[in-house]
Amino acid sequence: MSRLVLLLLALGFAPPAPAQDAGAIIGRAAKVYRSLGSLRADFDQVIDNPMIDSAESKGILAQAGPAKFSMRFSDPPGEAIVIDGQHVWVYTPSTVPGQVVRLKVSGGSAYGYNLLGWLLDRPAERYRASYLRSERIDGRTADVVQLVPAVPDLPFTTAIVWLDRQDALPRRLEIQEQSGATRRLDLKHIRVNESLSGSTFTFKVPGGVRVVDQ
């Protein structure tokens, strides 16, 4: 093994996987994901539900380690999904005004909100991966891989991930949920291993809003 490859591995990076080897590509992405101290990105999300109108949103996504995650929305403004390590807070006043839902984090219960954790935490144990194509996205080359659950109780039937060929980070996720809805999440301006303030993963209950425990 060359000195360059050894140096990259020591720094927490994995060398590019061979094109069209879906298992190696998703495995490399998982290794890079686990090595991150933090991740922060702008996001655009579209949820297409055949039973209701499509919903579009955008904001900033952040994660620090496996236990802390947040999606803070600029559109709809003020909405948030925050995992603080002990609870999941779901505040969506555009659809459920006057309340915030609080759930105790236990086992994999946070997966329903942390889309990255759904797909990049131990993927070899949970999915069958197949290579679809390479594609340019935001001026970068991505390998497009389809994931089909290989274990029960995952909240989607299929997922497609666009993984950057250079840094192995996800640039797009497209998920077919059990409900029949399709969710697409685009990540842009990804920043890794930045110092994130404690407030990033702290949810402050707005005045006049009641907390509903589930």
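A residue is called buried when its relative accessible area is under 20%, exposed when over 50%, and partly exposed in between (1.4 Å probe, protein chains only). The model described here is predicted: local features need pLDDT of at least 70 and side-chain atom pairs count only at pLDDT 80 or more, while totals for chains, interfaces and linings use all residues. Residues are numbered from 1 along each chain as its sequence is written, and side-chain values use heavy atoms, leaving out hydrogens and water.

The protein has 4 helices and 12 strands, taken as DSSP runs numbered from the N terminus (helices H or I, at least four residues; strands E, at least two). Of its 214 residues, 42% are buried. Contact here means heavy atoms within 4.5 Å; among contacts between residues at least 6 apart in sequence, 46% join residues at least 24 apart. The accessible surface comes to about 11200 Å², with 53% of it belonging to carbon and sulfur atoms (Shrake-Rupley method, 1.4 Å probe; for residues, only the protein chains shown count as cover).

Charged side chains come next. A search of the whole structure finds 15 salt bridges, each a side-chain nitrogen of Lys or Arg within 4 Å of a carboxyl oxygen of Asp or Glu. Asp121 meets Arg122 in one of them (3.8 Å, N to O) and Arg126 in another (3.7 Å, N to O). Asp121, Arg122, Glu125 and Arg126 are linked in a network of salt bridges.

Arg140 lies in strand E8 and Asp167 in the loop between E9 and E10, so the pair ties together parts that are 27 residues apart in sequence. Arg140 has 29% relative accessibility and therefore counts as partly exposed.

Strand E10 (residues 170-177) holds Arg172, which is buried, with a relative accessible area of 16%. Not counting residues up to four places away in sequence, Arg172 touches Glu135, Trp162 and Leu185, among others. The side chain of Arg172 also makes a polar contact with that of Asp186 (2.5 Å). A polar contact is a pair of N or O atoms within 3.5 Å; within protein, one must be able to donate a hydrogen and the other to accept it, and residues adjacent in sequence count only if both atoms are side-chain atoms.
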